[in-house]
Amino acid sequence: MTREIDSKRLGICLDTGHANVNGEDLAQVVCDLKGVPLHIHIDDNNGDSDAHLIPRDGSIDYQPFVRALQEINYQGFVSAELGFQYTLEPGAAVQKTHTVLSEMFMTN
């Protein structure tokens, strides 16, 4: 669709949780979207529902995903998208998310 409409204002919001529930290969999705305006929501789940867990608290293997982002030289944003279950302790969830994302993206 983005290629057919060909507008700089139209892009894709890639949600890692949605892709996992759909059984998609995240690294392949990233490669397929090279050159398409992209924004990323990063969250985790166990493949059965869009649980919006802290990354690495579910079943998604993020290493191939992060490598694929590097391969396409992704320079956009990655936004953590956490679920309602963290509302009573948001500080702890944010700190853990910060730690995980720092490990994922600063060492790679």
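Reply: Start with the elements. Helices (H or I, at least four residues) and strands (E, at least two) are DSSP runs, numbered from the N terminus. Leu14, for one, is found in strand β1, residues 12-15. This is a predicted model, where local features need pLDDT of at least 70, side-chain atom pairs count only at pLDDT 80 or more, and totals for chains, interfaces and linings use all residues. Residues are numbered from 1 along each chain as its sequence is written, and side-chain values use heavy atoms, with hydrogens and water left out.

Me: Is Leu14 buried or exposed?

Reply: Buried means under 20% relative accessible area, exposed over 50%, and partly exposed in between (1.4 Å probe, protein chains only). Leu14 has a relative accessible area of 7%, so it is buried.

Me: Which residues is Leu14 in contact with, leaving aside its neighbours within four places in sequence?

Reply: Contact means heavy atoms within 4.5 Å. On that rule, with neighbours within four places in sequence left aside, Leu14 is in contact with Leu26, Val29, Val30, Leu38, His39, Ile40, His41 and Phe65.

Me: What is the largest nonpolar core, and which residues have the most contacts inside it?

Reply: First the general idea. In soluble globular proteins, nonpolar side chains tend to be buried together. A nonpolar core is a set of buried Ala, Val, Leu, Ile, Met, Phe, Trp, Tyr and Cys residues joined through side-chain atoms within 4.5 Å. Here the largest one has 22 residues, and Leu14, Val30, Ile40, Phe65 and Met104 have the most contacts inside it. Elements giving two or more residues to this core are α3 (26-32), β2 (38-42), α4 and α5. The largest share, five residues, comes from α4. As for Met104, leaving aside its neighbours within four places in sequence, it is in contact with Ile42, Pro55, Arg56, Tyr62 and Val66.

Me: Which residues of α4 are buried?

Reply: In α4, Tyr62, Phe65, Val66, Ala68 and Leu69 are buried. Now take the arc: that of the directions from the helix axis to the C-beta atoms. These residues cover an arc of only 160 degrees around the axis, so they are on the same side of α4. The face turned away from the buried side of α4 carries the exposed residues Gln63 and Glu71. The cover over the buried residues of α4 includes β1, α2 (16-21), α3, β2 and α5.

Me: How should I read Cys31, and which residues does it touch, not counting those up to four places away in sequence?

Reply: Cys31 has its place in helix α3. Its relative accessibility is 33%, so Cys31 counts as partly exposed. Cys31 touches Ala68, Glu71 and Ile72, not counting residues up to four places away in sequence. Cys31 and Ala68 are 37 residues apart along the chain, and their C-alpha atoms are separated by 6.4 Å.

Me: What is the volume of the largest pocket?

Reply: On a 1 Å grid over the protein atoms alone, a pocket is an open set of points where a 1.4 Å probe fits, with protein on both sides within 12 Å along at least five of seven lines; lining residues have an atom within 4 Å of a point. Grid points are joined across faces, edges and corners, and a volume is the space filled by probe spheres set on the points. The largest pocket has a volume of about 170 Å³. Twelve residues line the largest pocket, and Val66, Leu69, Gln70, Tyr74 and Phe105 lie nearest its centre.
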